[in-house]
Each structure stands twice: as C-alpha cells, then as structure tokens.
Amino acid sequence: MTQKDYSAYFDFSTAKVVREQDGKTTYRIKGREITINAAPSYKDEKRRGKEDIQVHYDFGIPEDMQAFGEGKRYLVVTYGCQMNEHDTETIKGLLEQMGYRATEDREEADIILLNTCAVRENAEDKVFGELGHLKGLKAEKPGLMLGVCGCMSQEESVVGRIMQKHPFVDLIFGTHNIHRLPHLLREAVFGKEMVVEVWSKEGDIIENLPKKREGIKAWVNIMYGCDKFCTYCIVPYTRGKERSRRPEDVLAEVRDLARQGYKEIMLLGQNVNAYGKDFTDRTYTFGDLMDDVRKIDIPRVRFTTSHPRDFDARLIEVLAKKGNLMEHIHLPVQSGSSAILKAMSRKYNREQYLQLVRDIRTAMPDVVLTTDIIVGFPGETEEQFAETMSLVREVGFDGAYTFIYSPREGTPAAAMADDVPEQTKRERLQRLNDLLTDLSKASNDRLRGQTVEVLVEGESRTNPDVLAARTRTNKLVHFTGDRTLVGQVVQVRITEPQSWLLRAELIREPQRNAI
Ligand code: 5AD
Ligand code: SF4
C-alpha cells in the first residue's frame, strides 16, 4: 500500500514502488527512480482554507549547501508574467547564495531551471519544446541538473507528462516551495533520482528570501495568489489563495530599495486590490498601502494587476495625489460584453466598468489606461465581440495585452464548448489589435511638441547613443543623450510620435528630486 495514491501520474503497469520513507514514495518507471515528496492536486488547489497565514522570518540556506554551487554555473529560463520574473530573481538569489554564478550559455550551465507559465497553451508548448532540446544536452553532460518549476509544475497533467515522457528531468518544484530549492537540489544530486515536490495547499509567507535584482527598477510582491476564480483562468489553482504580506514588511523592503538607489518600484500581485482582505488583526487596504508607499522617497511607484471589481474610492483618492504614484492604471477588462463577462465570472458588467473608468478620470483627468482582453471566449458572438471593440473605443485605451482564449484543464470554462472557429478568433484578434494601434497612435500624436518627464532606463536596444526612457504614463521614449543620464528623471520634448514609441529631444538637464 503506498502512502499516497499517485495513480493519476503513472501508467502503473510500468511503475513499481521501490521505497516508502518519511512520507515520500520512490517509484521506478522505465529504469528511472522518481521520488515524490508531494505532487499537485487540482482538488486541493481549488480549496480555500480558513486557517491564518503564517509569516516566517527565519529563512537560511542549510550549512552544507552554502558552498555547493562553487565553481558551477546556473541558467534560469523564465516564461510568463512579472510574478514569474520576480520569482526568478528569488531563485537566482538562492542559487547565488549557494555559490553558483550566472551564465547565458546552456552548454556551460551546470544547472538549468525552467520557470514556467500555465496561463495559455502556447506558453506550455514552448516549455515542452525547450525540454526536447535539453534532452540532448543532458545526454552529453549527465551531471547537468535540469529542473522545472513555476505554474506548470502545479498542474497534475504536466507533472504526469514530465515523469512519463521526460524522465531525464531531475527536479520538479512548484510556486509555493521555491524556498525549498537548496534541500531539493541536495536530494536530487545525492539521490540520483528525479525529485518531485509540489505543494497544493498554498503555503505560508516566507520573508527574507534572497533576491537578485538588476537595473534601476525593482519588483516587490505585496500579495500572493488569487481568489477570484475567473472561469478561464488557471492562476487561482497554480498560485493558491490570496495572502498579503504584512505592510511593515512591504514598506521596509521599499525603503531599503530606495536606500540602495532603485528608481522605480513595481508592486506586484495577481489582484492587488484584494490586498489586506485576509488580515484578521487590522483594517488596511491597498489604498492605505499606496498612501504609505507614496511617502517613501523613491521617484516612481507602479502596481499590477488590479481587478475592476475591487477598485475602491479610497484607492482612487490616493492615486489622485500623484507625486511618486504614476498616472497609469492597468485595468484588465477581458471583454466589453456583459453576457461574456458573466460567463467569465468577472463580477462586473460593461456599465460598471465604464462607470469605474469615469470615476477614475474625474479624479485623474490625465490618467492613461491599459488593459487585458480575451477574444473567442466560448460562445462569443460577432455582436458580443463588437461590444468589446466599442468599449475599447469608448475608454480609449493606450495599450492592451490581447489574447486568443485558450482552454485550461481543470477550469470551469474548459468544460464549455470552445465553439468559436480558430480562424474567427484570429480575425477578431487582428481587428482588435489594429484598433488598439490606431488609438495609441492618436493618443501619442496629441503629445507632439509637449514637454514630458521621463525616467531614463538605459540605452535603446539598437543604438547605444539613443536612450530609452518611460513617461509617467509608461510610454516608451527614445532620445539622443549621454549614458550618464541613465537612472535620472529628465524633461524631454516629444518630436516624433509613433504608434508604440515616442521620439523626443532632451530639453533640460536633470534636477534633483524632479518628480
Ligand atoms: N486564455 C487566454 N487568455 C487568458 N488569460 C488568462 N487566462 C487565459 C486563458 N485561459 C489572460 C487574461 C489575463 C492575462 C494575464 O492573461 O487576459 O488578464
Ligand atoms: Fe486569473 Fe481572474 Fe485571478 Fe486575474 S483575477 S489571476 S484573471 S482568476
């Protein structure tokens, strides 16, 4: 009798239990030993427990692992959203504390980790493609450690597929146990078996994890998880229930980053407006947090992503104070049709979204709004898509991430008939993107000749004499200037607006505290 039933993962005609010990089960499948410490379960991921979140401040790398990576190189390949990018910074921080150094060269790496995204199928296809390439590399260099982590690891079907079809992978871990990396690496290296440890029950909050940040902008997590359960979305399963970091911890981190000289902070959460709802000992909302961050001496603060349903008056009032709070709001709408929004379980309708936009614009007339939109959701008619187009026009978005609906196993929408033909989905996406390009061009044209404040982020990708900067509204600006301006807030005049780029000229040298 096995301690846990992992039959969902294996073809049991070929899998044999070789060991059961300390709550772990080791199987042999096609000659490869696989130890499962914990495996994901859709059923558990759906559950939302009432227990309080524990915050841990005692993280440390085990002594015997502190020099484990000395003389070795790591590579982390990141897919997906900014949350994942930020998790990668933690993974890199952990690896560096173990003595590893970075490399961009797959051939040189001693450990390669794929930090994956599950939000759409094409993101998953890329990962399986990459695993195919890495198989050859592993054959040439058996000492190479290969790991898969991130959102795909939280999916039962993915873990099963890797075990069966990609047994050369050494390590699978999830989004809730990144801090376990040193322990799992030790097990995988010394045990010479594939180690699977994916927690389904969302964990606690682990503070003090190392982070390897680069550049002048820093991401800061304010909360983890999502309880919204939009019917198309896998995130509430892969990222667990909403849990907020304590305000003291967030504010201390932002202050510390300001001291270190970072110029811009991006506050991160799947649904930042839900910040603080899980506190049982105090009333403190996202608006309150923004008001406190506003008082910290850091030039720019942004946040992503907000949910329209919870965008309250307090938050609008605080954002309207501006200062280091930028007048750009990313406000995913997903669809302009109330019927589709209902089927998506977004918990607002078209009119409520438009009313929210009016309220925001009344308080902040110069705000720039961007959004996320899904086309081809099950049952979306031409009329309903036309409502999305008309909403986009009415709001006048300056940009959007647009997606073709992708069914995700385990979500309610995956059980609905995916009945919009592929060709129609593509056409709708094209029409939507054309409209968004026109709107962005028109909005950018209105900036011609205007003086705007930009933060210089670095050299442009194509020409080192041209600097890349961002307006307060997050528009990309290119202008000719000296490298020494990187990290400074300067004034530029917009000379040549394009659809997705503003060409400009420098008109004033930086001033201290010019925000
Ligand atoms: N199919 C297509 N797009 C999706 N998104 C989330 N889930 C899906 C899906 N199943 C989009 C939403 C979300 C963004 C991060 O990804 O627009 O806001
Ligand atoms: Fe997914 Fe909806 Fe949560 Fe956003 S709010 S992460 S779309 S479930």
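The paragraphs below go through the domains, the contact between two of them, the ligand surroundings and some local backbone features.

This is a predicted model, in which local features need pLDDT of at least 70 and side-chain atom pairs count only at pLDDT 80 or more, while totals for chains, interfaces and linings use all residues. Residues are numbered from 1 along each chain as its sequence is written, chains are lettered from A and ligands numbered from 1 in the order in which they are written, and side-chain values use heavy atoms, with hydrogens and water left out.

The protein chain divides into domain 1 (4-197), domain 2 (217-445) and domain 3 (451-508), with bounds that come from an automatic or database domain assignment. The centres of domain 1 and domain 2, taken over C-alpha atoms, are 30 Å apart. Their contact (heavy atoms within 4.5 Å) takes 30 residues from domain 1 and 31 residues from domain 2. Together the two domains bury about 2700 Å², 55% of it on carbon and sulfur atoms; buried area is the accessible area (1.4 Å probe) that two parts lose on being put together, summed over both.

Side chains of opposite charge can pair when their charged atoms come close. Between domain 1 and domain 2 there are 3 salt bridges, a salt bridge being a side-chain nitrogen of Lys or Arg within 4 Å of a carboxyl oxygen of Asp or Glu. Asp-87 and Arg-239 are joined by a salt bridge between their side chains, at 2.8 Å from N to O. The count of residue pairs in polar contact between domain 1 and domain 2, both at pLDDT 80 or more, is 12. A polar contact is a pair of N or O atoms within 3.5 Å; within protein, one must be able to donate a hydrogen and the other to accept it, and residues adjacent in sequence count only if both atoms are side-chain atoms.

On the side of domain 1 that touches domain 2, the elements giving two or more residues are helix H1 (42-46), helix H2 (82-97) and helix H3 (121-140). Helices (H or I, at least four residues) and strands (E, at least two) are DSSP runs, numbered from the N terminus. H2 gives the most to this side, with 7 residues.

Ligand 1 is surrounded by residues including Arg-120, Tyr-232, Asp-372, Ser-406 and Arg-408, where a residue counts as near if one of its heavy atoms lies within 4 Å. A polar side-chain atom of Asp-372 is 2.6 Å from an oxygen atom of ligand 1. Backbone N or O atoms also approach nitrogen atoms of this ligand: one of Tyr-232 at 3.0 Å and one of Ser-406 at 2.7 Å.

Among the residues around ligand 2 are Cys-226, Phe-229, Cys-230, Tyr-232, Cys-233 and His-307. Phe-229 has a positive phi of about 50° although it is not a glycine, and lies in the loop between strand E13 (223-224) and helix H6 (235-238).

Elsewhere, the peptide bond from Thr-304 to Thr-305 is cis, with omega near -5°. Thr-305 belongs to the loop between strand E16 (300-304) and helix H9 (313-319).

The whole structure holds 47 salt bridges. In one of them, the closest N and O atoms of Lys-138 and Asp-170 are 2.8 Å apart. This pair links distant parts of the chain, 32 residues apart: Lys-138 in helix H3, and Asp-170 in the loop between helix H4 (156-165) and strand E9 (171-173).
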